[in-house]
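Okay, thanks for coming, everyone. Let me put the model up, and then I'll walk you through a few spots in it.

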Amino acid sequence: ENSSEFIPKCRACRRQAREHSGEGDHHEGLSSDEELTPTEVDEFQKSKDNVLEDSRKIFEDVHADFCDIRKILLKFQEWKEKFPDSYCDAYISFCLPKLLNPLIRVQLISWNPLEQNFTDLEEMPWFRAIEEFSDAENVSESK
């Protein structure tokens, strides 16, 4: 039987059962179908903790100059100031998103915008570093 057909039938059965039993505190649209069992919550938390622990080890063997976005961007800024023709010929502005993507993704692993006390993207260190780099790039281009 198709699962999409099964869900409405179950809901209809539960609705009829509530009507017959006289339950009046049910709010339509609020379903317990999506609620996780305590076991599922524990399994999810363990899995999440394992992923976060593994993510902390990703750049363990990488020199600090190559896993810090601010330091990486500083190297590119120096390159642009010292050798502007070479920098332009290498299409660095097109390469930077691909280069920084893994570093940013690692920092976003634990970010959850649905939590009450989440950090705004604009407040994250990687965002500020890119913003500073972009501002410095715009200033040097205006010269």
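Predicted model: local features only at pLDDT ≥ 70, side-chain atom pairs only at ≥ 80, totals over all residues.

Ser55 is found in helix α2, residues 38-56. Ser55 counts as buried, at 12% relative accessibility. The cut-offs there are under 20% relative accessible area for buried, over 50% for exposed, and partly exposed in between, with a 1.4 Å probe and protein chains only. The side chain of Ser55 also reaches the backbone oxygen of Leu52, at 2.7 Å.

Residues are numbered from 1 along each chain as its sequence is written, and side-chain values use heavy atoms, with hydrogens and water left out.

Now the overall picture. The protein chain has six helices and zero strands. Of its 143 residues, 14% count as buried. If you take the contacts with a separation of 6 or more, 54% of them are between residues 24 or more positions apart. The accessible surface of the chain comes to about 11,600 Å², and 54% of that belongs to carbon and sulfur atoms; that's Shrake-Rupley with a 1.4 Å probe, and for residues only the protein chains shown count as cover.

Next, α3. This helix covers residues 69-82, so to speak 14 residues, and reaches 20 Å from its first C-alpha to its last, close to the 20 Å expected at 1.5 Å a residue. That expected span is 1.5 Å times one less than the number of residues. Which residues of α3 are buried? Ile69, Ile72, Leu73, Phe76, Gln77 and Lys80 are. Looking down the axis of α3, these buried residues fall within an arc of 140°, so they line one face of the helix; the arc is taken over the directions from the helix axis to the C-beta atoms. Over on the other side of α3, Glu81 and Lys82 are exposed. At the N-terminal end, Asp68 caps α3, with a side-chain oxygen 3.0 Å from the backbone nitrogen of Arg70. A polar contact here is a pair of N or O atoms within 3.5 Å; within protein, one must be able to donate a hydrogen and the other to accept it, and residues adjacent in sequence count only if both atoms are side-chain atoms.

The C-alpha atoms of Ile130 and Arg70 are separated by 7.6 Å, although the two are 60 residues apart along the chain. Ile130 counts as partly exposed, at 25%.

On to the rings. A search of the whole structure finds five aromatic pairs. Rings of Phe, Tyr and Trp (its six-membered ring) pair if their centres lie within 6.5 Å; planes under 30 degrees apart are stacked, over 60 edge-to-face, and the rest tilted. Trp79 and Tyr87 are edge-to-face, 5.7 Å centre to centre with 85° between the planes. Trp79 is partly exposed at 27%, whereas Tyr87 is buried at 6%. Ring pairs link Phe76, Trp79 and Tyr87 into a cluster.

Last one: Tyr91 sits in the loop between α4 (84-89) and α5 (92-108). Phi of Tyr91 is near 50°, a positive value in a residue other than glycine. Most residues other than glycine have a negative phi. Tyr91 counts as exposed, at 52% relative accessibility.

Notes: Helix = DSSP H or I, 4+ residues; strand = E, 2+ residues; numbered from the N terminus. Contact = heavy atoms within 4.5 Å.
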